[in-house]
Amino acid sequence: MNIIDNSIRIPQQLINIAEGTFTGAHLIESSKTIGQLTNMFLDEGAREEMDQQQLVYRVQAHLPVADGTLGGLFFGTTWIQPGTVGDEYFMTHGHFHQLADRGEYYWGLKGSGVLILMDEQRKGRAEYVYPGSLHYIPAYTAHRVANIGDDELSFGACWPSDAGHNYDEIKKHGFSKRLFNRGGVPTLEDIQIA
Ligand code: M6P
Ligand code: ZN
C-alpha cells in the first residue's frame with residue numbers, strides 16, 4: 001500500500017544494476033531444466049540423453065500488481081546458461097503475449113546472445129544481445145533469447161502487466177528460425193512446419 005505523508009521513504013525493492021538481481025517485495029523466481037523443455041529444441045533425441053536436472057535458464061521478476069492488471073508494468077531478469085542441445089544453443093521457451101497487441105523491452109546485461117523474433121505470419125528476424133543492447137519487441141511478435149557465448153547470459157525485460165504469456169504457437173510449431181552452432185559460428189536457419 002502507498003502511504004502518503006511527508007516522509008521520504010526507502011524503496012521497497014532494490015536491483016543490482018550489474019547483475020540484474022532483485023531484493024525486496026513482490027518477487028517471483030522460476031527456472032527451467034533440460035527435463036522441463038520437452039519438444040522445444042529441434043533435436044529431441046539429444047535432449048532426452050542429457051542430464052534432465054541441468055539448468056537451462058532462470059527468471060526473477062518484480063510483479064507489483066496482479067497478473068492481468070491493465071495499466072501496470074512487470075520487470076524481470078533472465079539468466080541463460082551456456083550450452084547446446086544437439087547444435088542448438090540454450091534458449092528461453094519464447095512466447096507471444098496472451099493479449100497479442102502488447103509489446104515489451106529487452107536489454108542485454110551480461111554475456112552474448114541473440115534475440116529471435118517472429119511475427120504472426122511466421123516471418124522471423126534476429127538481433128545480437130550484449131551488455132547495453134536495447135531491444136524493442138513490437139506487439140504481435142514472439143520473442144526468445146539464445147545464449148551464444150561460453151558464459152552465462154543475462155538480460156532485463158519490462159512488459160505490461162496485462163500482456164500474459166501465450167506459449168501455444170511455439171509449443172505447436174516452434175519458431176520459423178532457429179539458431180545453431182555450426183562449427184563455432186552462430187547460424188540462423190529457416191525451419192519449415194512439417
Ligand atoms: C523475460 C520476460 C518474461 C519471460 C522470461 C522467460 O524475462 O519476457 O515474461 O517469462 O523472459 O521467457 P519465456 O517465458 O519465453 O521462457
Ligand atoms: Zn514477453
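**Figure 1. Polar contacts (pairs of N or O atoms within 3.5 Å) of ligand 1 with T78, G94 and Y167.** The model is predicted: local features need pLDDT of at least 70 and side-chain atom pairs pLDDT 80 or more, whereas totals for chains, interfaces and linings use all residues. Residues are numbered from 1 along each chain as its sequence is written, chains are lettered from A and ligands numbered from 1 in the order in which they are written, and side-chain values use heavy atoms, with hydrogens and water left out. An N or O atom in the side chain of Y167 is 2.5 Å from an oxygen atom of ligand 1, and an N or O atom in the side chain of T78 is 2.8 Å from an oxygen atom of the ligand. At G94 it is a backbone N or O atom that lies 2.8 Å from an oxygen atom of ligand 1. The protein covers 94% of the 380 Å² of accessible area that the ligand has on its own (Shrake-Rupley method, 1.4 Å probe).

**Figure 2. The shell of residues around ligand 1.** Of the 14 residues around the ligand (a heavy atom within 4 Å), Y57, E104, Y106, H165 and Y167 come nearest. The strands β4 (55-62), β8 (104-110) and β13 (153-160) each supply at least two residues of this shell (DSSP runs of E, at least two residues, numbered from the N terminus), and β13 gives the largest share, three residues. By class, seven shell residues are nonpolar, six polar and one charged (Ala, Val, Leu, Ile, Met, Phe, Trp, Tyr, Cys and Pro being nonpolar, Asp, Glu, Lys and Arg charged, and the others polar).

**Figure 3. The largest pocket, whose space is taken by ligand 1.** This pocket (on a 1 Å grid over the protein atoms alone, an open set of points with protein on both sides within 12 Å along at least five of seven lines) holds about 500 Å³ of space. Its lining (an atom within 4 Å of a point) comprises 28 residues, of which S30, V59, H95, H165 and Y167 lie nearest the centre of the pocket. At least two lining residues come from each of β3 (27-33), β4, β5 (73-80), β8, β12 (141-147) and β13, and the lining divides into 11 nonpolar, 11 polar and six charged residues.

**Figure 4. The largest cavity, with about 30 Å³ of space.** The residues F96, H97, A100, R102, P138, Y140, T141 and H143 line this cavity (a set of points where a 1.4 Å probe fits but cannot get out). Four of the lining residues are nonpolar, three polar and one charged.

Conventions: Polar contact = N/O pair within 3.5 Å; in protein donor to acceptor, adjacent residues only side chain to side chain. Sits in = over half its atoms within 2 Å of the grid points. Helix = DSSP H or I, 4+ residues; strand = E, 2+ residues; numbered from the N terminus. Points joined across faces, edges and corners; volume = space filled by probe spheres on them.
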